[in-house]
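Here is a guided reading of one protein model, taken through its strands and then its pockets. Keep the sequence and the view of the fold side by side.

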Amino acid sequence: MALELGMRVHDGHNFFGTVRFLGLIPESPHPSMQWVGVEWDSVTRGKYDGSIYDVRYFTCQQGAGSFVKPHKLTPCLTLGAAFARRYLGPQPATVKVSCSYVVRQTEGGVFENLRVVDLSGQTVYTGEETVEMGIALRCPNLSQLNLSDNAFTSWDQILSLLPGLHSLEWLNVSHNRLAAPTTSHLQFPQLTTLIANTTDCQWAGLNTVLFSFPNLLELQLTGNHFTTVELEGVPCLTNLSLALNSIGDWNEIVTLRTLPLQKLYLGGNSFTAIHSLDSTPGPHFPSLKFLSLKASQVKKWSSLEHLNQFPLLEEVQIQEWPLFDGLEDSDRRKLAIAWLPHIRKLNCSNISPEEREAAERFAVRRYSTFTDPPPLYARLRGVHGDLQPLADICLTPPRSDIRVVVEGDELADFTLDLGWSMTEFRTYLADALHCKPSELQILHSTPENYEVVLKEQDRRLFTYRMRDGDEIRVSRHSKQ
């Protein structure tokens with residue numbers, strides 16, 4: 001296919017762009033060579049702003065422009081062409097979806113029972129095609145359509161594909177740079193799931209799009225650089241992801257409080273605290289059961305207390321908070337459980353009644369040493385009573401003054417570690433004596449001339465009740 005101005009192209013390395021110039025560059029070292037000026041979607045792909053050798057051939061952002069040899073570019077596909085490449089094999093009467101599932105093509109190229117179409121990463125850039133090639137005609141009962149990782153440039157292109165797909169419930173358009181739609185008067189009430197991660201969408205354009213999907217239940221908007229939350233037109237929404245954005249103020253999240261959300265994913269945002277909802281009119285997330293806040297920047301213990309304001313919340317994810325820096329992993333979990341009395345599942349792990357009781361008792365002991373303990377301490381002390389901090393007891397076996405004698409000579413500059421197993425001790429001696437572990441005989445000898453051969457390989461040395469003044473006698477023998 002010949003390249004044309006305005007055509008969408010890719011370089012074979014998952015970079016997409018638009019042809020902005022075709023022709024000669026007389027100032028170059030190869031003045032008779034044909035060149036293609038490309039404005040890439042990514043400003044990190046190119047080197048130029050559309051000019052080269054002090055001559056401007058087109059205009060784009062610095063770093064988004066390149067001048068490329070034609071053979072290094074491949075035109076992107078229409079949706080119909082991508083469908084044909086993906087699903088129409090050498091025998092067009094069938095489409096092999098998996099090893100065990102074959103979809104039959106009826107007369108006229110219609111796939112009556114093809115309900116899931118995956119065209120992700122197929123370099124699709126537009127739905128413009130003849131009616132005979134339209135996906136709605138080919139797949140009249142389509143329920144799921146994956147268009148992620150393609151070269152679409154606007155929501156208008158996406159919306160133009162949907163008329164006629166009366167059974168479509170699930171749509172993924174992630175990783176396409178989608179400009180705002182010009183307008184949206186059509187509605188598709190059957191669509192319940194929209195996945196639009198990393199699409200560079202803005203709230204105004206997105207809300208125009210959402211007008212087309214009045215019955216949306218699930219919406220994924222991960223990685224769109226949002227700093228605010230201005231979501232509108234989704235009265236039925238139960239599952240929302242705003243993870244990996246740049247939302248720094250918890251009050252932006254509070255704007256979602258009246259939605260019937262059951263699951264909310266907010267991980268990877270930049271807010272540093274979770275505020276009280278007391279000053280805002282209700283209801284306050286009346287249906288929320290799951291909340292993911294992992295990799296957020298929360299630094300205040302009161303934020304955990306404020307999570308108790310969600311009346312039905314039973315599962316949270318709070319890994320990688322600066323709040324927990326400096327604490328052992330086990331202590332982080334114990335304190336989080338103690339602060340969250342109604343949570344049943346923390347960081348994907350269920351909380352048993354025994355674990356909760358141990359965590360709360362740990363918190364009482366910890367906060368009993370504080371001059372100004374948090375309100376949590378008084379509540380837990382009322383349940384468990386006054387508990388003093390546990391004594392700091394070291395259970396590590398001590399190093400001892402026990403001589404190790406190898407064939408009559410004491411092993412110099414060596415202190416026996418009673419925490420070693422016999423296998424570890426035997427291996428150490430074999431390395432020092434340059435022999436095989438099986439060639440060593442090891443005895444424990446006391447001043448009272450009591451001797452015992454040490455044979456149990458997994459047994460720890462301290463379990464032999466060795467005392468200062470005892471000896472370990474080592475001899476070598478050849479294995480018969």
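Two strands count as a pair here if DSSP finds at least two bridges between them. In this predicted model, strand β1, residues 8-10, meets that condition with β2: three bridges join the two, and they run antiparallel. Within this pair, V9 stands opposite G17 in β2. Strands of a sheet pair through backbone hydrogen bonds, and the sense can be parallel or antiparallel.

Five strands form an open sheet, and reading across it gives the order β6-β3-β2-β1-β7, with antiparallel pairing. Its edges are β6 and β7 (74-75), each of which has a pairing on one side only. In a regular strand, side chains alternate between the two faces of the sheet.

With strand β24, residues 403-406, the pairing is parallel and extends over four bridges; here V406 stands opposite V474 in β29. With strand β27, residues 440-445, β29 runs antiparallel, and six bridges join the two. In that pairing, L440 is the residue opposite R476 in β29.

The largest pocket has a volume of about 680 Å³. Its lining comprises 29 residues, and those closest to the centre are F16, D41, S42, R177 and D200. Two strands of the open sheet, β2 (16-24) and β3 (34-40), each supply at least two residues of this lining. Which strand gives the most to the lining of the largest pocket? That is β2, with three residues. By class, the lining of the largest pocket divides into 13 polar, nine nonpolar and seven charged residues.

The second largest pocket has a volume of about 330 Å³. Around it are 17 lining residues, with W35, Y48, S66, F67 and V68 nearest the centre. Strand β6, residues 65-68, gives the most to this lining, with four residues. The classes in the lining of the second largest pocket are eight nonpolar, five polar and four charged residues.

Technical notes: Residues numbered from 1 in each chain as written. Predicted model: local features only at pLDDT ≥ 70, side-chain atom pairs only at ≥ 80, totals over all residues. Heavy atoms only, no water. 1 Å grid on protein atoms, 1.4 Å probe; cavity = no way out; pocket = protein on both sides within 12 Å on 5 of 7 lines; lining within 4 Å. Points joined across faces, edges and corners; volume = space filled by probe spheres on them. Nonpolar A, V, L, I, M, F, W, Y, C, P; charged D, E, K, R; others polar.
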